[in-house]
Amino acid sequence: MRKRRTLELTASYLVALVAILLTLFPIYWILNIALKTQREAFAIPPHWIFTPIWDNFEKVFNNVAYRTAFANTVIVTALGVAIAIVLAILCAYALNRFRFRGRELFAGWLLLAYMLPEFLYVIPMYALYQQIGLYDTHIGLALVYQVHSLPFAIWMLRSFFQEVPRELDDSARVDGCTYWGILWRIYIPVTRPGIAATAILTAIWIWNELTIALALSFSNAGTITVAVASFRGYAAVRWGEMAAASILAILPMLIFAIFAQKYIVSGLTLGSVKG
Amino acid sequence: MLPALIVLTVTTIYPVIYSLVMSFFNWNWGNRFNFVGLRNYIDAFQSAEFWSVMGQTFAFAIGATTLEVILGLGLAVVVNHLRFGVSLIRTLLLTPLMVSGVIVAIMSRVMLDPLLGIVNYLLSLIGLPPSTFLGSSTTVLTTLIGIDVWWQTAFGFIILLAGLQSLPRDPIEAAQVDGAGAWQVFWQIKLPLLSPVLFTVIIFRTIDTLKVFDIVFGATSSGLADVMQTLTYRTAFSYQQMSRGMTYMVIFSVIIMALCFLYMRLNRSEDA
């Protein structure tokens with residue numbers, strides 16, 4: 001019996017190890033190519049041991065279009081997250097606090113907004129933005145991202161707010177706190193980890209989004225995914241630079257993920273698993 | 001509440017209505033458009049391309065969702081057995097979810113290159129024949145499914161793992177006392193208890209894979225593989241047939257909506 005358990009445990013670790021290797025190998029390999037010369041990158045059989053060079057990263061750093069796209073992504077992500085979090089806090093609080101008709105309908109609307117295909121929104125918004133001058137602007141992009149980010153943030157924050165003990169805010173009201181005061185002094189401080197989780201997941205989503213950015217931005221506000229997509233034509237030849245550009249684009253989110261993994265897991269699993 | 005409503009109205013209701021209205025016109029940019037009634041819908045339903053792309057989209061979604069859910073569940077069960085290092089393993093397995101789809105696509109192009117890619121080399125080491133992967137119409141769809149599996153399996157894994165960890169202990173222990181084996185406990189007790197979570201994962205992955213854009217757009221050369229969203233992109237932005245593109249999206253949205261309603265319906269009956 002004892003022996004069988006050990007065997008099972010060993011087998012489980014082996015499976016997990018294989019899964020981890022398969023998961024990480026592509027990222028490792030792309031990093032490898034980013035650090036190789038063109039000739040080495042193309043070598044078959046591949047060189048597993050080589051002297052790393054930084055030329056590819058240098059070229060990407062010196063590429064003005066890439067630098068602009070990187071800066072754009074930072075701005076758009078910050079704007080998008082800020083709008084989503086502020087609006088979602090207010091909305092989630094109102095949904096929790098006040099009973100009103102049509103709450104069910106509103107929940108359905110949120111789900112649909114979140115789920116419907118991007119191009120359904122993007123083609124009309126393209127036409128509208130061309131007319132009112134929001135095409136290819138940071139704020140224009142950040143606003144359309146709300147189609148996805150806002151329902152998600154409202155959902156998440158609502159369930160975090162639901163966990164705030166009712167007595168806490170009843171007693172605050174007795175002490176003469178206004179609705180704003182309760183939100184500001186009780187809900188927000190108590191659910192800070194939840195707000196952080198929501199902001200992180202929203203940021204990751206916006207940072208990585210392609211469809212909306214591709215349709216609604218160009219040279220002025222174009223994000224990093226659009227820049228990488230525009231390189232794809234010569235992915236066939238300039239592997240090193242492509243790889244370096246990819247690594248730089250995913251690095252911020254990977255670092256983010258390492259530091260915030262607890263939040264990310266709690267955010268992803270919330271709602272679908274009620275413990 | 002109000003600001004959120006305004007933003008959502010402008011960014012969701014307005015475009016949906018606009019799309020719906022324009023799908024009855026023949027607008028191709030510019031100022032001219034005429035009312036054409038159901039013409040766009042009739043054209044779409046009679047177009048062989050539309051049906052073939054719809055078929056490919058569903059083939060992709062069904063293939064990818066099935067594999068991702070099975071692998072995700074398998075991994076969750078395995079990791080749930082482990083004693084130590086669970087949080088590290090979870091973090092490592094989570095990394096693909098942090099990578100943008102278009103970058104996944106570019107990485108695939110480099111690694112799956114038929115001549116110089118590492119994957120064909122690794123296949124040759126274990127004696128398997130090389131594949132054209134993204135380079136030919138016979139292998140492209142399977143390859144795209146494989147790419148999506150690498151990219152998104154972790155989603156189901158994370159959620160199912162959390163689901164397994166929060167299962168009530170009593171029924172499982174009772175079954176064990178009654179002498180049920182591990183296999184029986186899994187199929188007859190754990191899986192039924194897990195089914196609401198499993199169902200959520202299946203619906204979310206189905207909708208998400210139906211809407212696939214990034215990896216198809218980024219990894220394939222034009223025309224080799226098309227799904228609904230890449231077809232719409234080409235129709236509206238490259239061929240400038242806006243009304244036609246919107247018609248495609250309206251039809252496609254009806255399918256997505258049906259899945260959403262199914263989800264809401266079953267979710268509610270769970271609660272009741």
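Helix α13 (residues 239–269) of chain A packs against helix α4 (residues 86–94) of chain B at an angle of about 100 degrees, and their axes lie 10 Å apart. The model is predicted: local features need pLDDT of at least 70, side-chain atom pairs count only at pLDDT 80 or more, and totals for chains, interfaces and linings use all residues. Residues are numbered from 1 along each chain as its sequence is written, and chains are lettered from A and ligands numbered from 1 in the order in which they are written.

**The helix pair**

- Axes are lines fitted to C-alpha atoms, for helices over the stretch in contact, and angles run from 0 to 180 degrees between N-to-C directions.
- Because angles of 65 to 115 degrees count as roughly perpendicular (under 35 roughly parallel, over 145 roughly antiparallel, the rest oblique), α13(A) and α4(B) are roughly perpendicular to each other.
- A:Ala257, A:Ile258, A:Gln261 and A:Val265 of α13(A) make the contact with B:Arg90, B:Thr91 and B:Leu94 of α4(B); two residues are in contact if their C-beta atoms, placed from the backbone, lie within 7 Å.
- Four of these residues are nonpolar, two polar and one charged, where Ala, Val, Leu, Ile, Met, Phe, Trp, Tyr, Cys and Pro count as nonpolar, Asp, Glu, Lys and Arg as charged, and the others, Gly among them, as polar.

**Chain A**

- Chain A has 13 helices and zero strands, both being DSSP runs numbered from the N terminus (helices H or I, at least four residues; strands E, at least two).
- Of the 275 residues of chain A, 45% are buried, that is, 20 or more other C-beta atoms, placed from the backbone, lie within 10 Å of their own.

**Between the chains**

- Chain A brings 71 residues to the contact and chain B brings 69 residues.
- Helix α1 (residues 2–34) of chain A gives the most to the side of chain A that touches chain B, with 15 residues.
- That side of chain A divides into 56 nonpolar, twelve polar and three charged residues.

**The nonpolar core**

- In the largest nonpolar core, of 159 residues, those touching the most other members are A:Ala88, A:Leu157, A:Leu216, A:Val228 and B:Leu160; such a core is a set of buried Ala, Val, Leu, Ile, Met, Phe, Trp, Tyr and Cys residues joined through C-beta atoms within 7 Å.
- Helix α4 (residues 64–97) of chain A gives the most to this core, with 15 residues.

How values were computed: Buried ≥ 20, exposed ≤ 12 C-beta atoms within 10 Å, placed from the backbone.
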